[in-house]
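Hello,

I am passing a structure on to you. Please open it first, then read the notes below.

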Amino acid sequence: MAEATVHSLGDRVERAIERHADTPGEIERGEHEKKPHNLRRNVFWLAVTLVSLYLVFPKVVDVFGSWQQITRFSVASLVTMAVLQVAVNACMWDLQRVALRASRWRPVIASQLASNALSNIAPGGGPVGAALQYRMLVRAGLDGPATVSALTAVNLLVFGVVLGLPVLAIPALLRGAVNRSLLQAALAGLAAFAVTAGVSAVMLATDRPLAWVGRVAQRARNRLRGRRAEPVTDLPERLMAQRDQILDTLGPRWKRALLATVGRWIFDYMTLLAALAAIGSHPRPSLVLLAFCGARALANIPITPGGLGFVEAGLTAMLVLAGVSAADAVLATFAYRLFSYWLPLPFGLLGIAIAPRASPQAAV
């Protein structure tokens with residue numbers, strides 16, 4: 001039974017990775033979901049979502065029941081977490097604007113806010129959110145095929161960087177460094193930013209390191225999946241093809257797009273670090289990084305909207321493994337999810353409200 005569960009989870013993770021490389025398919029699936037003849041399918045997935053939420057409901061209640069301890073956070077720490085999440089979104093807006101080669105911010109900001117909110121509230125919301133963003137951008141005057149290419153490049157770059165983040169934890173784990181203050185938490189985040197940007201730039205600019213990573217990942221995947229899945233034989237070639245697709249779309253501004261992508265994840269990671277430091281919990285930043293990446297992986301498996309329940313349960317458990325007390329892990333998870341998941345949801349309505357209507361697109 002355990003082996004079958006691991007196999008099923010592996011299938012889900014692989015499908016999640018493949019979806020990020022198939023934005024045209026995501027948009028098509030999102031449009032398909034709205035059709036009347038898909039009512040039975042939608043009801044089925046809604047039932048799956050409700051059952052999943054029922055299973056993780058106790059953990060959600062546990063996490064959000066900790067709101068009464070919000071007084072443990074100073075006003076400054078709450079403001080810090082809010083500013084960091086604004087920075088997360090600003091990085092995404094800049095990245096998408098560069099990829100779309102758009103001269104105006106408004107269509108990009110409006111469509112990202114709306115699609116992000118829809119993706120986080122609809123069962124299996126990724127395709128529906130992608131379709132909504134595509135429609136809003138095209139309605140604002142952007143070219144349809146160019147928009148698909150741009151969103152594909154953004155998805156590949158964003159997902160590729162977060163997949164590489166756990167590697168940064170290895171040197172710190174060997175060093176055994178311990179974080180002792182909010183300032184050191186910020187410095188740890190800045191160091192992660194610099195290293196991730198440098199490594200990612202090498203991967204985008206040269207072939208050999210990316211091909212090596214592809215070969216190592218391919219061997220590891222085939223060994224872990226064993227005989228229960230068809231072996232992958234072309235991962236290095238696929239990685240380089242997707243890298244070329246990203247560079248073709250971004251053009252000479254790929255370095256700016258890369259910095260925005262790295263910033264999107266590092267500011268998010270620093271939000272979690274800030275939540276822990278604000279309540280006096282100081283685990284190794286490297287272990288927190290591993291917990292953060294694990295939580296992001298759970299959020300990308302479309303069982304519940306935005307990984308609701310699974311992220312709370314997984315992040316809390318991983319923070320405990322990182323050395324955080326159970327009570328502090330629950331409270332830090334509450335604060336992190338409050339700012340990264342719940343508070344952005346109402347801004348989806350703002351995105352729809354401020355979206356331009358049939359305006360001509362001005363290319364950069």
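Which residue forms a salt bridge with Asp234? The partner is Arg238, and the closest N and O atoms are 3.5 Å apart. Arg238 is partly exposed, at 35% relative accessible area. Asp234 is partly exposed too, at 34%.

Please keep in mind that this is a predicted model.

A search of the whole structure gives 8 salt bridges. Side chains of opposite charge can pair when their charged atoms come close. Here are some of the others.

Arg256 pairs with Asp94, with 2.5 Å between the closest N and O atoms. Arg256 sits in helix 12 (residues 254-278) and Asp94 in helix 4, so this pair ties together parts 162 residues apart in sequence. Arg256 is partly exposed, with a relative accessible area of 37%. Asp94 is buried, at 14%.

Asp268 and Arg296 also form a salt bridge, at 4.0 Å from N to O. Asp268 lies in helix 12 and Arg296 in helix 13 (residues 285-299), so the pair joins parts that are 28 residues apart in sequence. Both Asp268 and Arg296 are buried.

There is a network as well: salt bridges link Asp207, Arg243 and Asp244.

Now the surface. Val75, Val79 and Val83 make a nonpolar patch of about 280 Å². Val79 belongs to helix 4 (residues 75-100). Val79 is partly exposed, at 46% relative accessibility.

Last, the cysteines. The structure holds 0 disulfides. Cys91 is buried, with a relative accessible area of 12%. Cys293 is buried as well, at 10%.

Best wishes

Methods
Residues numbered from 1 in each chain as written. Predicted model: local features only at pLDDT ≥ 70, side-chain atom pairs only at ≥ 80, totals over all residues. Heavy atoms only, no water. Disulfide = S-S within 2.5 Å. Buried < 20%, exposed > 50% of the residue type's maximum accessible area, 1.4 Å probe, protein only. Patch = residues over 30% accessible without salt bridge, like charges linked within 9 Å, V, L, I, M, F, W, Y side chains within 5 Å. Areas by Shrake-Rupley, 256 points an atom, 1.4 Å probe, with all protein chains shown as cover. Salt bridge = Lys/Arg side-chain N within 4 Å of Asp/Glu carboxyl O. Helix = DSSP H or I, 4+ residues; strand = E, 2+ residues; numbered from the N terminus.
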